[in-house]
Every structure is written in C-alpha cells, then in structure tokens.
Amino acid sequence: MSKVISLYTGAGGMDFGFEAAGFKTAVAVEMDPDCVLTIRKNRKWPVIGRSIFEVSSEELLETGGVRRGEADLVIGGPP
C-alpha cells in the first residue's frame with residue numbers, strides 16, 4: 001500500500017479521499033486540537049499535534065514509521 005505523509009491535515013478530509021484511492025496515511029501533522037481529537041477518534045493514523053514549524057523531518061519519519069525515500073506522496077491543505 002502506498003504511504004502518504006499528511007501536512008496541515010485538518011480533520012482529515014483530503015486523507016479520506018486518498019484512502020479511498022488506495023493510499024495509507026503514515027503520519028499526519030495538525031496543530032488544531034479539535035482536529036487532532038477528531039482524527040484520533042476516527043482513524044488509527046499517528047498524529048503529531050503541533051505546528052509543522054516545530055516538527056523535524058526525523059520526527060515526522062520516525063512517528064510514521066517511514067524511512068527516507070519510502071513515502072510515495074506528501075499531501076497538505078495549508079490555510
């Protein structure tokens with residue numbers, strides 16, 4: 001299954017569409033606490049609940065269990 005790194009995830013709407021297309025969200029980054037709670041209640045994705053500006057590439061990959069070059073897609077819906 002193709003792995004996705006999701007930035008500015010919101011409540012996960014874009015990710016749900018990619019899931020329907022056969023992708024798997026490996027890790028999501030979202031700083032809005034209500035959105036993070038929504039994702040955690042509805043999906044098993046690892047979620048980093050902080051600003052993308054506070055997340056290192058290493059933390060992102062480690063949290064998602066993704067090695068460098070292994071993610072197939074990076075998606076995001078910045079405000």
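Visitor: Hi! Which residue in strand 3 does Ala-28 stand opposite?
Guide: Hello! Ala-28 stands opposite Val-47 in strand 3. Please keep in mind that this is a predicted model.

Visitor: Got it. How many bridges are there between strand 2 and strand 3?
Guide: There are 2 bridges, and the two strands pair in the parallel sense. Strand 3 covers residues 47-48, while strand 2 covers residues 23-29.

Visitor: And what is the bridge partner of Ser-6 in strand 2?
Guide: That is Ala-28, the residue that also stands opposite Val-47.

Visitor: Let's zoom out. In what order do the strands sit in the sheet?
Guide: The sheet is open, with 4 strands in the order 3-2-1-4, and the pairing is parallel. Strand 3 and strand 4 (73-76) stand at the edges with a single partner strand each, so one side of each has no neighbour in the sheet.

Visitor: What holds paired strands together, in general?
Guide: Strands of a sheet pair through backbone hydrogen bonds, in a parallel or an antiparallel way.

Visitor: Is strand 2 mostly covered or mostly open?
Guide: Mostly covered: 5 of its 7 residues are buried. Thr-25 is found in this strand, and it counts as buried because its relative accessibility is 2%, against a cut-off of under 20%.

Visitor: So which residues does Thr-25 touch, leaving aside its neighbours within four places in sequence?
Guide: Thr-25 is in contact with Val-4, Ser-6, Asp-15 and Trp-45. Val-4 also stands opposite Thr-25 in the strand pairing. With Asp-15, the link is a polar contact between the two side chains, at 3.1 Å.

Visitor: On to the helices! What does helix 1 do here?
Guide: Helix 1 (residues 13-20) makes a right-handed β-α-β unit together with strand 1 and strand 2. Helix 1 lies across strand 1, strand 2 and strand 4, and runs at about 145 degrees to strand 4.

Visitor: Which residues of helix 3 are buried?
Guide: Leu-60, Leu-61 and Gly-64 are the buried ones in helix 3, which covers residues 57-64. They are on the same side of helix 3 because they cover an arc of only 90 degrees around the axis.

Visitor: What do they pack against?
Guide: The buried residues of helix 3 pack against strand 1, strand 2 and strand 3.

Visitor: Last one: which residue follows helix 3?
Guide: Gly-65 does, and its phi is positive, near 65 degrees.

Conventions. Residues numbered from 1 in each chain as written. Predicted model: local features only at pLDDT ≥ 70, side-chain atom pairs only at ≥ 80, totals over all residues. Heavy atoms only, no water. Buried < 20%, exposed > 50% of the residue type's maximum accessible area, 1.4 Å probe, protein only. Pairing = 2+ DSSP bridges. Right-handed = clockwise from strand over helix to strand, strands pointing away. Arc of directions from axis to C-beta. Contact = heavy atoms within 4.5 Å. Polar contact = N/O pair within 3.5 Å; in protein donor to acceptor, adjacent residues only side chain to side chain. Axes fitted to C-alpha atoms, helices over the stretch in contact; angles between N-to-C directions.
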